[in-house]
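Please keep the sequence and the structure at hand while reading.

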Amino acid sequence: MTRRARLWLFGPAVAGFGALLVWAIAGLPDFGSTQHRYGYLINHVALPERHMTNAVTAVVFDYRGFDTMGEEFILFAAVTGVVLLLRQHEREQGRESSDSTRSDPVRVIGVLGVGVGVLIGLWLIALGFVTPGGGFQGGVAIASGVVLLYFAADYRAWSGVSRTDVLEPIEGVGAGAYVVIGIAALIAGMPFLTNLLGPGKAGTVWSGGSAALVNWAAGMEVAAANLLLFGEFLEEYIVPLHGRRA
Amino acid sequence: MNWLVPLPVAVPLVCAALITATDHVLPRLAKDAIGIAAAAGTLAFAVVLCFESGRHQLVHWFGGWEPRGGLAIGIAFKVDPLGAAMCALAAFVVLLALLYSLTFMEEAAPFFDALVLVCCAALCGFALSADLFNLFVWLELAGVAAFALTGLEIRRIGPLQGAVNFAIVNTLGGYFVLIAVALIYGRTGALNLAQIGRSLASERADGLVVVSLTLVTAGFLCKAAVVPFHFWLADAYAVAPTPVCAVFAGAMTDIGLFGVARVYWTAFSGAVGADAGELLLALGVVTAVLGGVMAFLQRHLKRMLAYSVVCHIGIMLAGVGLLSAKGLAGAATMLVAHGLATAGLFFAGGLLLARERSVDELALRGKGVGRRGLAVLWFAGALALAGPPYIGTFLGHSLIDDAAVGAGRSWTLPFLWLAGACASAALVRAGARIFLGWGASDDPLLTRGPAERPPRRGTRTGLTSVVCATAIACGFVVSLVPGFGQRAEAAATQFVDRTAYAAVVLDGKTVARPPRPPVALEPSSTSTLLYASGAVLVALALAGYGLRPHRSTRPVAAIKAAHSGVVGDYVAWLTVGTALIGGVWALMLH
Amino acid sequence: MIVATLVPLQLTGLALVALGAPAIAFTRDPLRQIVVAGLYSWALAILFVIFAAPDVALSMIVVGAVGYPLVVLVAIARTRKGKDE
Amino acid sequence: MSVLPYVVAVWVCVIGLIGIVTSRNFVHLALCLTLTQSSTYVLLLAVGYFNGGGPPIFKGVKPGTTAVDPVVQSLALTDIVVSVTVLALILALALDVQKQAGTDDPDEVHELSG
């Protein structure tokens, strides 16, 4: 199809598609006018029943924790796919040469940045049931902090933490732990992913019971998966560039 | 037995994680063993669930969050015989693919096992879930694993482009489903299918309901590759490694149809009534015919099989579109026969690739002379797809015939039978060229597909041949299993009962068990037998006609040009299809 | 009235997102587009805060501020390299 | 009647689709795909908003205080994860296409057709 023909086909279609969507939203209740039953109920039971002050995380890791298990595996599958794709390329040699380009102040700032990123990440995971945060946000924050090692510190430090033989087991264990916690409930004679531990003390890192374990498993999986992802992209595209220019 | 319900999802996922975690420690053989054990376990669980679900009401609320006053606050799996059978089929095909890949796949695919298991878990989750958003999660999970599996063979443009087209079209389809989830939540405040169904049943079909149904249907039909959402399928199947193709054709494509049926009957049937079926029926007929014709125009065996899948998806969609238990049962039985036979044919194509280093019909002409076993398998598979009396897809055709006649839609029957015969004719023609050396050595009518990289020379093919024979034999005899048709009908009757579904899921009620259907082979009607015999004759005649070279005509060139391989075109068609479905339903249902 | 009950803050957030969308789609140079996309994720994050969804806003920030730009910049670096050769 | 937030969601979705179909570059196309997806976040959160409701986080707030819907927020969270992973995977695939085909225009790749 020529580009012109495609636009003739697409133009009316997208107009019709947009009209359909507008027709559909006309049937929605007015913006801000409705409290839906499901959300209303969760807002009223999350704190008394589960001792979780953050109702969103309560939904993510407890009431609809099973969705989140699927979501972790979406990340898992995507990262496996990226690793599989990019790993098959031959990598150029001469990576060490980019080492000497970082000055000392940059290194100090970089290492500080790493520390800050990891701390923020751990804090976000730990207090996920209390304030905004949780395994996903914390995991990405940790991974982002560690990536600073590459940009600010030296390559050897980066390659020390981005080793796939370390990250892949962490990723697999994190993803697997989520399912294992679910199966543990089955073995105890309860439905899958039932919260086995007590609800804990509201408003502290000890709230959440086994949903908190699930949260940590997710954080571990997300951090390792993102590091793998960043690592593969960096190795594939940036490192050879530096190597050549140096 | 309620504890068994999550296992078809949990077991493959935990094993996939285990394989990745131990990637650097365990030898390949151990990882393969874990994968095969997981698939076999999943198959066993699914089979047990299939039998149990006929006797007990199996509903599993994850986290123990049971509904309060008819209000679902968690996610449920509701096992019914059709869903469990879908799980069993997926697990069986995955098991075969893993066995096949033992010798067929090269070491370049260390995570192949993990990704296939993730895909298997996602398909099982999709088949059992009773929650709309949860369906989206499994759809995406199956999709992401599948995109990665398609692109395994990097360093060649074909597989990469196929994977990109596949990924973009299906991801957009997923977003459409998600928009529908938001719309439906805005109306009903629910994500549970049963609760949505109850809530919508009391409403008339206004814009929101019609458009939500449109978006969900379009999203699922993208995965099922129904015209005009089908373009990506041939691109992806032509380039994916053989065992992956078998999984796609055997279980993954059909899941889209399963999703349409599930969501329509549990959530929308009360609001939109039976008028929605006309359009699905028409789409099914168009898909079947186009798929059959396109299959006939291919010389690349995997691309030919891919269009044959499109053709049969169309026939099954027509069965679903009749919106009766009988039509659905026909689609379900055809799904089993077609899935197994097509997976087997893909396996056979892989064997040809391993031995003769090609999957091109013309390049292979006469190369298969003397390979009697493989020839028998190939022709058996090809015939099973046409559906001669009591063989292969016949039972599915027969049930769909009865349903269509019952609904006064017998005009569809010649199209459906002819389409299937056309796809089958392409395969018979290829078989005659390859294994008998018949026909011309060149034919400008046929499309040349992308080159395929064969496995290492000297690959042992003993186990792969057994796997191939198992799949084709199972697909061949399905229609002869006594009581299979009656059981499928009973299961479909249970599947389409919206109020019973809601009562079981939301209120924990038990529904009276229907009487056990007899274990007997039900004779088909005379007209069906005539159609079936005619289809076989047409297939053979067409195959003979195709062995001579033909010049490409303008309409043929136009149809081929529409399948351009360019993702922008595909997205344009996706928009056209969605707007069309929505427009037609707006006129019919509103 | 379409906007009757919206407060000005909500209107501003929505306007930012509504303007950001065509800015991304019609910026044809990938390098410029990634800058626009980064800004757009911040606009989304602001809108989410206005919609009382701090959790989602936080995700958008960690993903939009770090994830997307990094991956996409790398991708563009790769493209440029391909063109240099 | 107040439907503006929904209209913005539809607008973003349609613009994203137009961007995809008219795209001449794989990276651009992938970003337009995430743009389309961002319309779903806006729609989800708009559907769950309640006038005068605070965030569904009850730290230091009396239980039962009016808050917006937490369920759609959790759906949006899942959605964001899906988005970023799909983006990474599609980019990895698209970059390889570029590398092998020597062009970054999806319209120029004609390996598969018919």
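## Salt bridges

A salt bridge is taken here as a side-chain nitrogen of Lys or Arg within 4 Å of a carboxyl oxygen of Asp or Glu. The model is predicted, and by this rule the count comes to 24 salt bridges over all chains. One of them joins the side chains of K31(B) and D23(B), with N to O at 2.8 Å; K31(B) is buried at a relative accessible area of 9%, and D23(B) counts as buried at 12% relative accessibility.

In chain A, R50(A) and D62(A) form a salt bridge whose closest N and O atoms are 2.8 Å apart. Because R50(A) lies in helix α2 (residues 37-50) of chain A and D62(A) in helix α3 (residues 55-63) of chain A, the pair ties together parts that are 12 residues apart in sequence. Both partners fall under the 20% limit for buried residues, with R50(A) at 10% relative accessibility and D62(A) at 5%.

In chain B, R262(B) pairs with D80(B), the closest N and O atoms being 3.2 Å apart. R262(B) belongs to helix α10 (residues 242-272) of chain B, while D80(B) sits in the loop between β2 (76-79) and α3 (81-104) of chain B, so this pair ties together parts that are 182 residues apart in sequence. Both R262(B) and D80(B) are buried. Elsewhere, salt bridges that share partners join R3(A), R6(A), D569(B) and D107(D) into one network.

## A nonpolar patch and helix α8 of chain A

On the surface, V166(A), I170(A), V173(A) and M220(A) form a nonpolar patch that together has about 270 Å² of accessible area. Helix α8 (residues 164-187) of chain A supplies the largest share of the patch, three residues. I170(A) is found in this helix, α8 of chain A, and counts as partly exposed because its relative accessibility is 31%.

How far apart are the end C-alpha atoms of α8(A)? They are 33 Å apart, which agrees with the 34 Å that the 24 residues should span at 1.5 Å a residue. Just after α8(A), G189(A) takes a positive phi of about 85°.

## Backbone exceptions in chain B

Most residues other than glycine have a negative phi, and most peptide bonds are trans. The loop between α8 and α9 of chain B holds A225(B), whose phi is near 60°, a positive value in a residue other than glycine; A225(B) is buried, with a relative accessible area of 0%. P228(B) also lies in the loop between α8 (207-224) and α9 (231-239) of chain B, and the peptide bond from V227(B) to P228(B) is cis, with omega near 0°.

L323(B), in the loop between α12 (301-321) and α13 (325-356) of chain B, has a positive phi of about 55° although it is not a glycine. At 16% relative accessibility, L323(B) counts as buried.

## Cysteines

With a disulfide taken as a pair of cysteine sulfur atoms within 2.5 Å, the count comes to zero disulfides over all chains. For C120(B), the nearest cysteine sulfur is that of C124(B), 4.4 Å away, and C120(B) counts as buried at 0% relative accessibility. For C311(B), which is likewise in no disulfide, the nearest cysteine sulfur is that of C422(B), 7.6 Å away; C311(B) counts as buried at 0% relative accessibility.

Conventions: Residues are numbered from 1 along each chain as its sequence is written. Chains are lettered from A and ligands numbered from 1 in the order in which they are written. This is a predicted model: local features need pLDDT of at least 70, side-chain atom pairs count only at pLDDT 80 or more; totals for chains, interfaces and linings use all residues. Side-chain values use heavy atoms; hydrogens and water are left out. Patches are made of residues with over 30% relative accessible area and no salt bridge: like charges are joined within 9 Å, nonpolar side chains (Val, Leu, Ile, Met, Phe, Trp, Tyr) within 5 Å. Accessible areas come from the Shrake-Rupley method with a 1.4 Å probe; for residues, only the protein chains shown count as cover. Helices (H or I, at least four residues) and strands (E, at least two) are DSSP runs, numbered from the N terminus. Buried means under 20% relative accessible area, exposed over 50%, partly exposed in between (1.4 Å probe, protein chains only). The expected span of a helix is 1.5 Å times one less than its number of residues.
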